[in-house]
Amino acid sequence: MKKYLERVGDMETPIIEVRDLWFEYPGRVVALRGINLKIHRGEFLGIIGHNGSGKTTLVKHFNGLLKPTKGLVLVDGIDTRKLSVAQLSRKVGYVFQNPDHQIFAPTILEEVGFGLKNSGVPESEIIERVKEALQIVDLNKPLDASPHFLSVGEKHRLAIASVLVTRPEVIILDEPTTGLDFKHCIQLMSIVKKLNERGHTIILVTHDMYLIAEFTRRVIVLREGRIVADGSTKSIMSNIELLEENFLYPPQVTLLARAISKYGIPPNIVTTEEFVTSYGNLLSRLSTENPNSL
Ligand SMILES: Nc1ncnc2c1ncn2[C@@H]1O[C@H](COP(=O)(O)OP(=O)(O)OP(=O)(O)O)[C@@H](O)[C@H]1O
Ligand SMILES: [Mg+2]
């Protein structure tokens, strides 16, 4: 796997570091107000916050689509102002919210291979790497097929393949599951989880607290362009008051755990698996204490 994900540079340097980042859109819309953040290699980070809180604006700074109005963004220790979007896209891949916005080529090969062709990679290697990327996202379609006729779920996977093909260390997914049914949503997230296990740093922007709780390990909460919380997924997702203050809804399983915490279920459960384990423990304790109770 090492070969697939080439790593260069100092492993101790955060892969992304943000120092006092301010960003203003034309028309005096101040979208980011003094963000400080370090993201280390191998993290699976969730970014949450209500509509307009600055999530997309922040992540667009990580691959150079936006440059700071004030402050600094360093990718692998290098100021993003000194790198082109093409250079940055080899380190940081960005999967757009709507895959239709990313799809423009007439064939799957041209679509997925676009980034490589642009960097002058020979055709034979492009084909090999496109096949590899399609295999990772489990998309078995002819290379000469049109990407426009793919289903919504397949388009999302194609968009990920188009990013993977350049083998970026960091993959940003901005609302990647919009428009997907539950099965395809979990299928896509399983692919993303595998990529994280292979060493990719994953940054997931989503309004879906279930996905945050099940897949990420750290979460930052944005409000009006500021980070108002940064911590482990467990601590943030079980902080119902914090979530509600930010117009976010806790995972269902956390509400359930809290509702029955008086029976010995920890109130800070955030995943289904944790709940099943605690509930199982509770039932076996009750049956031992009072065999006739169940
Ligand atoms: N191109 C733009 N021009 C002017 N203002 C913009 C532009 N894009 C975003 N904004 C503004 O910047 C702020 C942050 O927007 P951003 O898209 O980063 O929020 P978000 O957290 O991603 O929201 P959502 O959850 O709706 O995707 C908002 O006030 C938004 O209206
Ligand atoms: Mg957004």
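This is a predicted model: local features need pLDDT of at least 70, side-chain atom pairs count only at pLDDT 80 or more; totals for chains, interfaces and linings use all residues.

Biologist: Which element gives the largest share of the shell around ligand 1?

Modeller: The residues surrounding ligand 1 include Val-29, Ala-31, Lys-55, Thr-56 and Thr-57. Two elements give two or more residues to this shell, β2 (29-39) and α1 (55-62). The largest share, 3 residues, comes from α1.

Biologist: By class, how many residues of the shell around ligand 1 are polar?

Modeller: Gly counts as polar here, and Gly-27, Gly-49, Gly-52 and Gly-54 are among the residues around the ligand. The shell also has 3 nonpolar residues and 1 charged residue, while the number of polar ones is 8.

Biologist: Which residue in β4 stands opposite Glu-17?

Modeller: Let's start from strand β1 (residues 16-25), which runs antiparallel to β2 and is joined to it by 8 bridges. β1 also pairs with strand β4 (residues 70-75) in the antiparallel sense, over 5 bridges. In β2, Glu-17 faces Lys-38. In β4, the residue opposite Glu-17 is Leu-74.

Biologist: Which residue in the turn between β1 and β2 has a positive phi?

Modeller: These two strands form a hairpin, with 3 residues between them. The turn residue with a positive phi, about 95 degrees, is Gly-27.

Biologist: How many residues does the largest nonpolar core have?

Modeller: Ile-47, Val-112, Ala-161 and Ile-172 have the most contacts inside this core. At least three of its residues come from each of domain 1 (1-86 + 198-247) and domain 2 (251-294). Ile-172 touches, among others, Val-59, Phe-62 and Ile-203. The size of the core is 69 residues.

Conventions:
Residues are numbered from 1 along each chain as its sequence is written. Chains are lettered from A and ligands numbered from 1 in the order in which they are written. A residue is near a molecule or strand if its C-beta atom, placed from the backbone, lies within 6 Å of it. Helices (H or I, at least four residues) and strands (E, at least two) are DSSP runs, numbered from the N terminus. Two strands pair if DSSP finds at least two bridges between them. A nonpolar core is a set of buried Ala, Val, Leu, Ile, Met, Phe, Trp, Tyr and Cys residues joined through C-beta atoms within 7 Å. A residue is buried if 20 or more other C-beta atoms lie within 10 Å of its own, exposed if 12 or fewer, and partly exposed in between; C-beta atoms are placed from the backbone. Domain bounds come from an automatic or database domain assignment. Two residues are in contact if their C-beta atoms, placed from the backbone, lie within 7 Å. Lists of a residue's contacts leave out its neighbours within four places in sequence.
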